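Hi,

Here is the structure I promised to pass on to you.

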Amino acid sequence: MDFKNLYALLNIKPTASQSDIAKAMRQAAQQQTITLDDLKLCKQYLLNEEERTKYDERLFAAHPELLAPPPEPKPEPEPEPEPEKAEEAKSLAPAKTKQGNKKLYLILAAVAAAIALIAGTVAYFKHFKPIAEAKEAVRDLLKDPDSAKFYDVEKVVNTHAKKVSICGQVNAKATAGGYAGKKMFLYSTETKRALIIPATKPKELIEEFSYSSLYKAACLNVDPEKINADMATYKDTLEKLVSLQRQRLNASSDEEQERLDKAIATTKAKSEEEWEKITIFTDSDDD
């Protein structure tokens with residue numbers, strides 16, 4: 001069919017009911033304001049709910065302005081107040097405005113105070129609370145907790161392992177009563193455990209590696225995978241050194257012994273360089 005606005009032909013709104021449509025069709029037929037073909041179209045598309053829904057979709061797509069709400073009537077102007085009441089209203093207006101402003105300022109002040117309180121609470125829980133917990137955990141490891149003095153305490157994030165630690169130094173009294181000297185410490189916010197690094201180099205290599213790897217990952221933001229890779233490289237070099245030393249014991253000629261001695265010296269120096277990359281202790285830390 002040729003698409004037409006059948007509602008306009010019947011002089012009704014698209015929201016008209018079925019009975020209103022039928023009534024409009026009878027009036028249009030009686031007044032002969034609509035052709036017989038258009039009347040058939042109205043009956044086919046407007047009196048059948050399913051067909052009307054399809055027709056409306058096409059109509060509103062072609063004429064979206066039909067969906068727009070009618071313009072709102074302009075409000076009638078309010079009558080002007082009598083002279084005496086007008087003067088009274090003018091005199092009361094500044095007072096009401098001042099009261100309203102004062103109330104608004106009080107509300108804004110309360111909101112600002114609440115925001116500051118919330119911000120302070122968030123800052124405490126994010127920064128100061130973990131530090132306080134770390135200090136308490138470190139004190140639990142000391143012989144004289146009350147004598148503890150803390151230095152350079154800070155929160156450190158390992159960007160590789162996504163772990164947060166509290167690191168710093170602590171000095172406390174020893175058994176004899178004097179202060180033992182500053183020692184590094186670390187605290188894991190995940191496990192809630194603290195570790196104090198000894199001031200002297202541990203005698204056992206595995207113990208030295210444990211302290212070093214934990215401190216470097218927690219407090220120096222070193223990738224744990226790099227620490228493990230460095231340790232694996234050092235292990236390979238040590239195995240090579242042991243193999244060379246065994247070959248040296250079984251060497252049958254002076255020439256072979258000399259060659260192996262040079263290889264052993266080179267490999268040993270390499271192993272020492274590799275270990276320096278791993279450990280946080282120095283030779284001066286020895287007993």
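Ring pairs join Tyr7, Tyr45 and Tyr55 into a cluster. Rings of Phe, Tyr and Trp (its six-membered ring) count as a pair if their centres lie within 6.5 Å; planes under 30 degrees apart are called stacked, over 60 edge-to-face, and the rest tilted. Searching the whole structure gives 4 aromatic pairs. One of them is tyrosine 7 with tyrosine 55, a tilted pair at 6.0 Å centre to centre with 50° between the planes. Tyrosine 7 sits in helix H1 and tyrosine 55 in helix H4, so this pair ties together parts that are 48 residues apart in sequence. Helices (H or I, at least four residues) and strands (E, at least two) are DSSP runs, numbered from the N terminus. Tyrosine 7 is buried, with a relative accessible area of 1%, and tyrosine 55 is buried too, at 2%. Buried means under 20% relative accessible area, exposed means over 50%, and partly exposed is in between (1.4 Å probe, protein chains only).

Before you go further, keep in mind that this is a predicted model: local features need pLDDT of at least 70, side-chain atom pairs count only at pLDDT 80 or more, and totals for chains, interfaces and linings use all residues. Residues are numbered from 1 along each chain as its sequence is written, and side-chain values use heavy atoms, with hydrogens and water left out.

Next, the charges. Side chains of opposite charge can pair when their charged atoms come close. A salt bridge here is a side-chain nitrogen of Lys or Arg within 4 Å of a carboxyl oxygen of Asp or Glu, and the whole structure has 8 of them. Which partner does lysine 4 have? It is aspartate 38, with the closest N and O atoms 2.7 Å apart. That pair links distant parts of the chain, 34 residues apart: lysine 4 is in the segment before helix H1 (6–10), while aspartate 38 is in helix H3 (residues 36–46). Lysine 4 is partly exposed at 32% relative accessible area, whereas aspartate 38 is buried at 8%.

Helix H4 (residues 49–62) holds both arginine 52 and aspartate 56, 4 residues apart, or about one turn of the helix. Their side chains meet in a salt bridge (3.9 Å, N to O), and both residues are buried.

Another salt bridge joins lysine 192 and glutamate 133, at 3.4 Å between the closest N and O atoms. Here the partners are 59 residues apart, with lysine 192 in the loop between strand S3 (183–188) and strand S4 (193–196), and glutamate 133 in helix H5 (residues 83–139). Lysine 192 is partly exposed at 47%, and so is glutamate 133 at 27%.

Now to asparagine 171, in strand S2 (residues 163–171). Is asparagine 171 buried or exposed? With 12% relative accessibility, asparagine 171 counts as buried. Its side chain reaches the backbone nitrogen of glycine 181 at 2.9 Å; a polar contact is a pair of N or O atoms within 3.5 Å, where within protein one must be able to donate a hydrogen and the other to accept it, and residues adjacent in sequence count only if both atoms are side-chain atoms. Setting aside neighbours within four places in sequence, asparagine 171 has contacts (heavy atoms within 4.5 Å) that include Tyr151, Gly181 and Lys182. Lysine 182 has its charged end over the ring of tyrosine 151, 4.1 Å from the centre; that label needs NZ of Lys or CZ of Arg within 6 Å of the ring centre and within 35 degrees of the ring normal.

Last, helix H7 (residues 224–249): its buried residues include Ile227, Tyr234 and Leu244. Among the parts covering the buried residues are helix H6 (205–219) and helix H8 (254–278).

Cheers
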